[in-house]
Amino acid sequence: MVILRRLTKFDKKVRLKRASCFLVLLFSCSLALFAQINTEQVMNIGRNALYFEDYILSIQYFNQVIQQKPYLPEPYFYRAVAKISLDDYSGAESDASKCIEINPFIKDAYRVRAVARHNTHKYDEAIGDYKICLQMRPDDPDIMLNMAMCELALKNYNAADSCLKWCLGRDSTSERACLGMARLCLDRQDSIGALSYVSRCIERHKNNAQAYLARCEIYANHLKDYGKALEDIDEVIKLEPSNVNYYINRSYLRYQVNDIRGTMADLDYAIAIDPNSVTAHYNRALLRSEVGDYNKAVEDYDFVLDRDPDNYPAFYNRTMMLINIGQYQQGISGLNAMLKKDNDDFVALYQRAMLYIETRQYQSALKDLNSILAKYPKFESGYMLRAQIKQRLGDKRGYEKDLETAISVMKAKGVHYSSFNPVDVEREHSEEIRQKHAQQHYDKQEQEAQRQREMMEGSLEESVEEVQKRFSQLLVVDVDNELKPEVNLESDGLYDEKAGHRRYRNKSRGYIQDNNVEVEPQSVFSLSYYSYDNKLNGRTHFMKEMTQVNELHVLTSALTLVCGTPSLSEYEARSRFNSVDYFNGLIATSDVRAIDYFGRAMDFFLLKNVDAAIADADRAINANSDFALAYFLRFNARMVKLQLDGASGTEAPAASDAESQAMLSRRAREVALGDMAADMRRVIALSPRNTYAYYNLAYVQAMMGDNEGAIASYSRAIELKPDLGEAYFNRALIYLQLGDKEKGTTDLSKAGELGILPSYNILKRMTR
């Protein structure tokens, strides 16, 4: 029996985090007997791989069955289960739908599709599938709970209430049902009712961290009972000690009860766990400034502004800290930025004038004092300050005039010393200005958070610009494979408490979508003598021209095709040097043949002597202008040369200035890419059905910024070879770069199905 279970977490409000499918026992539906024993064996092996969480491997086995017998429903079903375990919900939905189309009586297929639709926020469609499941299994509480979560997401509170009460009627202590009712009560503004349901859950399930977190949120945000909220967050941290957000939340609660030492300890520990937490750094900066540790507060504000340059509160606070620690010039820079943002900030203007005087920038101080006195002509201290500055600048007449004015103002007021400071008058107005900008920043953050919530709930689609932004962020995120040094990995399959599932040293096993990868396209296809198979799908790559040359037996080794730049072992390198010597002798003593130059060019290419490889490829082409493989090889050598030049910092010809040099360098790169594109177009002209020429051309077109041309070329390669996973993957990256999330994720799903492992991590990061 296949048991599908949805796991929930209560994060501020109970909401669906991941709906998962687990294969517990073999599928018990009456399976059609397979006509061929090897097909049945492949299905059995695929099911075994699925049971042991080898999801990628299982998909490859099910692909083989589907390729041979596309009319069977079961391989689509099992492949859907594997995909849903990899967070490929759109792919799982597609496979489950195909299974149902072939055989609408496989009831678990509806359940898989419902879970997939649930996770992609297609709540109405998911409810439809859940109802079909309930017709087949009317007493299944998991299905009813999942349907309740969908109704909650759609704000159909009466329907959700009915579903949850049905579940509680069968099990009054059900964790998921209690937490679901708590969320429903909160949505209905019934915090007391929510508290009772969460407390009921905790009484029966004392190790449920999400229940404690839910009750903590109710105590803190709704009932303002920070003491009890602290007790609950302490329990949460005991159960899940590695979650940085819990320490940040506890620091807030400790601050509310005036536990400054505990607040600082929690923030320090949160940053130790996650050094990149902007929230933890910002909160610690506020606390450090409050206790007078200004230097360290500035360090935290620097960190925050490096990652959030528009954070006005952090910027303002940092400026004040810099002034407090005597970093006057940096303080002036900060005040300049504040006045540029709002020139009505009188207090900032006055502070800048004082700093200019302190740093002896008298001309700048004069300008600011002129502005201040223009607004407040009865400011006697202002005239006295300006008189002192003019005296230092040697302006005796101006000094005497300002001094007389100051004395005249004081006589008119009937005072013997200055008693008026316009800052006292303007302080409230300047504070309003700062509050306005701070509120603008917070509003912007809240709008973004609201958009994220709506997208999580499925009520709002990401715009093209948002997809592009999300994808561009993936391009600069540090790679984090989450296999920390302290984790014991002596054997595969250890349970990871933080991730909630097992982790494996073998990066093709288990939940590979959680292992972050660099977002970069699959490489070009290159000629080689040394092949490697894709161990997941067993595919090798061939071109008819390559096979024709191999059948002539005129080269020292048989040609093969690989994705990437070939590398050689010491033994293989010696073989290639011997081969160069062989062709040297052949070329010196025999009539010139294009194939001989080609053979030596292949050796030079594999030995990374790319200039010699290009020269010999040129000679082969001159000897035979229809030699398609020579163009293909010259393309490969030119690509490696471009990569080597970029890695070594090779510049364009010397120029008189950096701008001209950069322009020449860009021009040289454009010429090199143009030459490579021309080589592939020549191969296509000679061999119109050459899949790999279209693929390589697309790669270069993408490098040239011709995204439409690259998509067209990748599409043609896929048309010629529908199982070319590398083409789907690279085309997906271009779609995402252009902001087309639907096409991008569809291609990533297909690429993952065809064994391109990075697809699942990018798919998860683009859709979570």
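**Helix pairs and a strand pair**

Visitor: How close do the axes of helices α16 and α17 come, and at what angle do they cross?
Guide: The axes of α16 (residues 294–307) and α17 (residues 312–324) come within 9 Å and cross at roughly 150 degrees. Helices here are DSSP runs of H or I, at least four residues, and strands are runs of E, at least two, numbered from the N terminus. Axes are lines fitted to C-alpha atoms over the stretch in contact, with angles from 0 to 180 degrees between N-to-C directions.

Visitor: So which label does the α16 and α17 pair get?
Guide: Roughly antiparallel, therefore, a label for angles over 145 degrees.

Visitor: Which residues make that contact?
Guide: From α16 you get Tyr294, Ala297, Val298, Tyr301, Asp302, Val304 and Leu305, and from α17 Ala314, Phe315, Asn317, Arg318, Met321, Leu322 and Asn324. Contact means heavy atoms within 4.5 Å. The α16–α17 set splits into 10 nonpolar, two polar and two charged residues. Asp, Glu, Lys and Arg count as charged, Ala, Val, Leu, Ile, Met, Phe, Trp, Tyr, Cys and Pro as nonpolar, and the others, Gly among them, as polar.

Visitor: What kind of model is this?
Guide: A predicted one: local features need pLDDT of at least 70 and side-chain atom pairs pLDDT 80 or more, while totals for chains, interfaces and linings use all residues. Numbering starts from 1 along each chain as its sequence is written, and side-chain values use heavy atoms, leaving out hydrogens and water.

Visitor: What about α20 and α21, at what angle do they pack?
Guide: About 155 degrees, with the axes of α20 (residues 362–375) and α21 (residues 380–392) 10 Å apart. That pair is therefore roughly antiparallel as well. Tyr362, Ala365, Leu366, Leu369, Asn370 and Leu373 of α20 meet Gly382, Tyr383, Leu385, Arg386, Ile389, Lys390 and Arg392 of α21. By class, that contact has eight nonpolar, two polar and three charged residues.

Visitor: Switching to strands, how do β5 and β6 pair?
Guide: β5 (residues 525–528) and β6 are antiparallel, over four bridges; pairing takes at least two DSSP bridges. Ser528 sits opposite Thr560 in β6.

Visitor: Are the β6 residues buried or exposed?
Guide: All buried: in β6 (residues 560–563), Thr560 and Val562 point one way, Leu561 and Cys563 the other. Buried means under 20% relative accessible area, exposed over 50%, partly exposed in between (1.4 Å probe, protein chains only).

Visitor: Where is Gln327?
Guide: In the loop between α17 and α18 (328–341). Gln327 counts as partly exposed because its relative accessibility is 37%.

Methods: Parallel < 35°, antiparallel > 145°, perpendicular 65-115°, else oblique.
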